[in-house]
Amino acid sequence: MTAPRDKFGRPIVVVTGMGVVTSLGAGKEDNWTRLTAGECGIRTVTRFPIDGLKTTMAGTVDFITVDPSSSTGLTERLADIATEEALGQSGIGGKGDFPGPLFLAVAPVEVEWPQRIEIGQAVGKTDFDVTDFLAVSGGGKFAKYHHRFMFGSIAGYLAEKFGTKGSPISLSTACASGATAIQLGACSTHSRGTRPS
Amino acid sequence: MTEPKEVWITGIGIVSSLGEGLDAHWDALNARRINVDEKRFAPYIVHPLAPVSFDAQIPKKGDQRQMEAWQRIGTYAAGLALDSAGVKGNREILGRMDMIVAAGGGERDVPVDIAILNSYAKGNASPGFLNERLMNDLRPTLFLAQLSNLLAGNIAIVHGVSGTSRTFMGEEAAGIDAPRIALARIASGQSDIALVGAAHNGERTDLLSLYEFGDFNLTDKYAPVWARDQTKSGFALGSAGVFLVMESREHAEARGAKPFAKLTKVVADLAQRKQPGAVTKSLETLWPKLGMLGDDGVLITGTTGVEPVTSEEKAFLSRHPGYAVRATGTMFGHTLETQFPLGLALAALSISRGALFPPNDPTGLEIEKSESPAQIVVMGAGHWQGEGLALVEAIK
């Protein structure tokens, strides 16, 4: 079988599945309905306190929550929902056995304030320094926060759940991140070079 | 499909706890020098950055000020790599040089954070308190200094590298995938020349805390990587920046560049580590993908010293007893994203100098190797996920 080629002689890459979660809703159907009805997803932020902030509105996904609350946890949940939808539509591979690599655009990650405050309270003093903070960080009490706040944690979770092949790539190039992820995916389909090896 | 292009390493920039530049590192490695600080963050141990005059590669003070240390280290190492490749200031080449950076980020203003947490502990935190303090106490540019992709941004601003730009995140694995993707892009003709590397500031209490969550830090007393064991495991964070200039053989020859070595192959995987032995098996599966390797050779590894992964790497190495092994973690500490590029840099440097640096290991796992190496395998296994191997070879 000869695959159809583009003008550079590369195999043509087609999209066979899409998943989407936005401030308008979860799934292509819901998003399309609301979009064509002229609805807007921009609203006052409720996910965290905005007291004193100059910016008070955003296209925020506030109808999905994760516990414990963190933006990395929420990102992982959104990626999970969108991937389920995309794979469901595509029908490719088997359950937990996607036959290709993962390229994921994600925001940078760091320990967040609810967790910092929790650890600060574990110090048990009202006047402490960073040495005290470090002393209560270990011992396994906060072990889950290591995984949660690793840069590779979301990609690692998706790779395990959906059985993507090879080393998953998490990338960040600001507003171009999504386009770069798609471009790397297209290139991996064009050439053997970036396929899992 | 056209034949894949050969990819050469034509520039190396290193700055670390052992100094800056290739001669300083070669001398330090041969003198078995180790620079650790057991006191500053006691009980945690770090390999602190050697004194560096950032002005030499980042001439504008304003540029230095808006970066945090990890970005300054990286921008500095990138400049060294461009100098080493002979392309510094060459606007024609820099204008189409692609860049893949493996980056962490998130460097905090720790005194501000701790002051805020103290107010919470005292019960002085009103609902708007956190936002007010963050808006008033943090300098506005800290945001830029924290962003992962701003290392690449600073390299573009300071050195004028302005082809395509990609930033990979994800700890050690990002440092394996950056050269893997750069190699694939150059081999397939999508790119002629690329700047690839990473930077890490190990002297950060916010990072010590993050790794302390998982009890990954080595404490109290320094020990070489292979001398750490189940009862005394862990990594000592290290500060380092490493960048490589990689280009196609044709491109290098056309401009008369002198190569250090050839980067033949980079392979990577992500083992599900719940099963004991998964990392050993992952590395065994990757091994034949490097091509036909002999029973003896040289292997430079970024082994962390944390368990259980270090024991699994030892099990893998024990199946290749003819290999002279060198663990970079002993001399440089653990530098996360930077550890694999560092291994590639030291492999290319060793090949170009016609010798391998001596063992630095009281346990005897590392053996002497007197012959000039023609091939060096570089290995990396992340402290919690990601495995990779690369093959660096002398140019025939």
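Which residue is the bridge partner of Ser170(A) in strand 5 of chain B? The partner is Met169(B). The model is predicted, with local features requiring pLDDT of at least 70 and side-chain atom pairs counting only at pLDDT 80 or more, while totals for chains, interfaces and linings use all residues. Residues are numbered from 1 along each chain as its sequence is written, chains are lettered from A in the order in which they are written, and side-chain values use heavy atoms, without hydrogens and water.

**Extent of the interface**
- Chain A contributes 58 residues in contact with 61 residues of chain B, contact meaning heavy atoms within 4.5 Å.
- About 5000 Å² is buried between chain A and chain B, and carbon and sulfur atoms give 64% of this area. Buried area is the accessible area (1.4 Å probe) that two parts lose on being put together, summed over both.

**Strand pairing**
- Strand 6 of chain A and strand 5 (residues 165-169) of chain B run antiparallel and are joined by two bridges. Strands (E, at least two residues) and helices (H or I, at least four) are DSSP runs, numbered from the N terminus, and two strands pair if DSSP finds at least two bridges between them.

**Salt bridges**
- Three salt bridges are counted between chain A and chain B; each needs a side-chain nitrogen of Lys or Arg within 4 Å of a carboxyl oxygen of Asp or Glu.
- Arg116(A) and Asp113(B) meet through their side chains in a salt bridge, at 3.8 Å from N to O.
- The elements giving two or more residues to the side of chain A that touches chain B include helix 3 (113-122) and helix 7 (177-190) of chain A.
- Helix 4 of chain A supplies the largest share of that side, five residues.
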